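This briefing concerns a predicted model. It takes up confidence, helix packing and one record annotation in turn.

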Amino acid sequence: MGVPGPFPGSAGRPDAPVLDREEVDRALARLGAEYEAIETSLLALQDHAGRRLLEGAELSGVTKERWAETERSLAVLWALFDAYTEVLTAARELRGRRRWPSAEDLAELSALLRDGAVTVPAAAGDELRAGGRIGLEELVGRLNGLYARSLDVIVAADAVWSALPARIDLLAEELQRTRSLAHSVGVRPGEHPAGDDLERITEELTRLRARVIADPLAFWVSSGAGSAAPGGGRPDTARYDRAARALEDIRREVAAVLDVRQDAERRLMLLRDVLSRADRTLTEARQARGEVLAKIAASEVPAVSGPSTVLHEQLVAAAEYRRRSQWHRLSPLLDSLEERAEDELQRARESLTAVTAPLAVRAELRGRLDAYRARLARHGLAGDPLLMERYDVARRMLWSAPCDLRAAEQAVWRYQEAAAEAVVPEPRDGRGEP
């Protein structure tokens with residue numbers, strides 16, 4: 001809806017001259033075009049889907065208040081438009097009487113087309129002084145202002161209704177599919193936190209949809225750019241977005257539970273294998289400890305604990321969860337068991353290493369003793385009486401049971417010392433024989 005330019009000869013001056021015929025015709029043509037534009041806009045507003053929805057809806061909150069104001073503005077709009085129609089019709093009829101209007105006709109037409117030509121209707125009492133008179137230019141300005149404010153409310157409400165309810169419905173359908181899948185894997189209210197979250201999201205979407213339908217303008221964020229365009233802004237989707245993100249988190253959790261269901265048997269078999277290897281290693285460590293105590297004297301051998309009864313009990317519980325399809329409980333238990341089972345296997349290996357350390361020391365001493373003997377044989381010193389004596393002493397200690405590792409290590413060291421001295425060449429006297 002546009003505002004016509006100033007009428008020729010008026011310019012708001014009380015002593016403006018009478019318009020001539022050409023000026024009257026130009027003013028009538030401009031007013032006629034403006035009238036058609038206003039009428040088209042008003043009819044489009046009357047037929048706007050958002051207006052029809054607002055008229056038939058049970059509104060509340062800010063939308064109820066603003067729609068009541070808008071209905072009053074629409075009534076004023078039509079009342080002012082009817083007044084505009086009467087003035088334009090009267091001017092057209094007067095101009096149509098004669099091809100060449102008389103001076104009296106031109107004076108009357110000038111009065112109609114100048115300021116103060118329109119009597120304000122009673123319906124416009126809230127906007128203007130009812131019974132007063134305004135000019136056509138001010139009238140069109142009032143029409144444009146009322147139209148823009150009314151259209152802003154209608155467009156904003158329609159934009160929210162067009163955007164949010166459909167998205168909420170789609171999210172509710174997705175939630176229902178997620179709920180069915182969650183129930184199939186044991187994610188239910190009262191049994192799993194995600195099941196409780198699904199109930200909360202369902203209630204939130206129900207409340208949100210009802211509020212959006214009853215009070216759409218409560219979900220409208222006006223444009224911060226100061227745009228004068230009707231409906232300048234966007235729907236506020238913050239609550240919807242939070243619900244959508246929460247549902248996506250639950251979908252990921254349910255997907256993880258599904259993965260557990262599909263992979264549960266393989267993971268349980270691997271757990272049984274790891275715990276079995278840990279048990280066998282601990283058994284081997286206990287046997288090795290008995291052997292060490294029997295073969296090695298004066299050595300501290302650490303005790304070996306038994307298998308973890310807690311882990312075996314939890315493994316039985318995991319198998320039971322799988323049998324009962326309680327996947328939401330099985331998932332965290334398997335995660336915990338896998339980590340702790342690896343720790344148990346590592347503990348068993350460390351225990352075996354600790355208890356067999358004396359045997360490893362004895363083996364290392366035996367190897368060192370034989371290595372030095374072989375070295376002496378290469379130098380032709382294997383038959384040296386002192387070396388043979390020290391070798392026999394060390395060998396008896398290392399091959400006797402129980403073996404005193406400290407004494408055996410000293411015996412090997414003495415043999416090494418004697419061997420080192422034997423293979424060092426004697427210094428030659430550089431003077432030679434006389």
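Is the crossing of α1 and α5 left-handed or right-handed? The crossing of these two helices is left-handed, a term used when the near helix is turned anticlockwise from the far one by less than a right angle, clockwise being right-handed. Residues are numbered from 1 along each chain as its sequence is written, and side-chain values use heavy atoms, with hydrogens and water left out. Because the model is predicted, local features need pLDDT of at least 70 and side-chain atom pairs count only at pLDDT 80 or more, while totals for chains, interfaces and linings use all residues.

**Helices α1 and α5**
- The axes of helix α1 (residues 21-46) and α5 come within 11 Å and cross at roughly 20 degrees, where axes are lines fitted to C-alpha atoms, for helices over the stretch in contact, and angles run from 0 to 180 degrees between N-to-C directions.
- The two helices are therefore roughly parallel to each other, the word for angles under 35 degrees.
- In α1, L31, E34, I38, S41, L42 and L45 meet residues of α5 that include L136, V140 and Y147, contact meaning heavy atoms within 4.5 Å.
- By class, this contact of α1 with α5 comprises 10 nonpolar, 2 polar and 1 charged residues (Ala, Val, Leu, Ile, Met, Phe, Trp, Tyr, Cys and Pro count as nonpolar, Asp, Glu, Lys and Arg as charged, and the others, Gly among them, as polar).

**Helices α3 and α5**
- Helix α3 (residues 61-95) and helix α5 (residues 136-184) have axes that come within 9 Å and cross at roughly 150 degrees.
- That angle makes α3 roughly antiparallel to α5, the term for angles over 145 degrees, and the crossing of α3 and α5 is left-handed.
- Among the residues making the contact are W67, L77 and F81 of α3 and L139, L146 and V153 of α5, and the contact of α3 with α5 has 16 nonpolar, 3 polar and 3 charged residues.

**Confidence**
- The protein chain has a mean pLDDT (the predictor's confidence in each residue, from 0 to 100) of 82, and 88% of its residues reach 70 or more.
- Over residues 2-13 the pLDDT is below 50, and this stretch has 32 contacts in the model beyond near neighbours in sequence.
- Where pLDDT is low, the predicted coordinates should not be read in detail.

**Record annotation**
- An unreviewed UniProt entry lists residues 247-281 as "coiled-coil region", and in the model this span is 100% helix and 0% strand, with its end C-alpha atoms 47 Å apart.

Key. UniProt positions renumbered as here; feature names shortened; annotations may be inferred. Helix = DSSP H or I, 4+ residues; strand = E, 2+ residues; numbered from the N terminus. Parallel < 35°, antiparallel > 145°, perpendicular 65-115°, else oblique.
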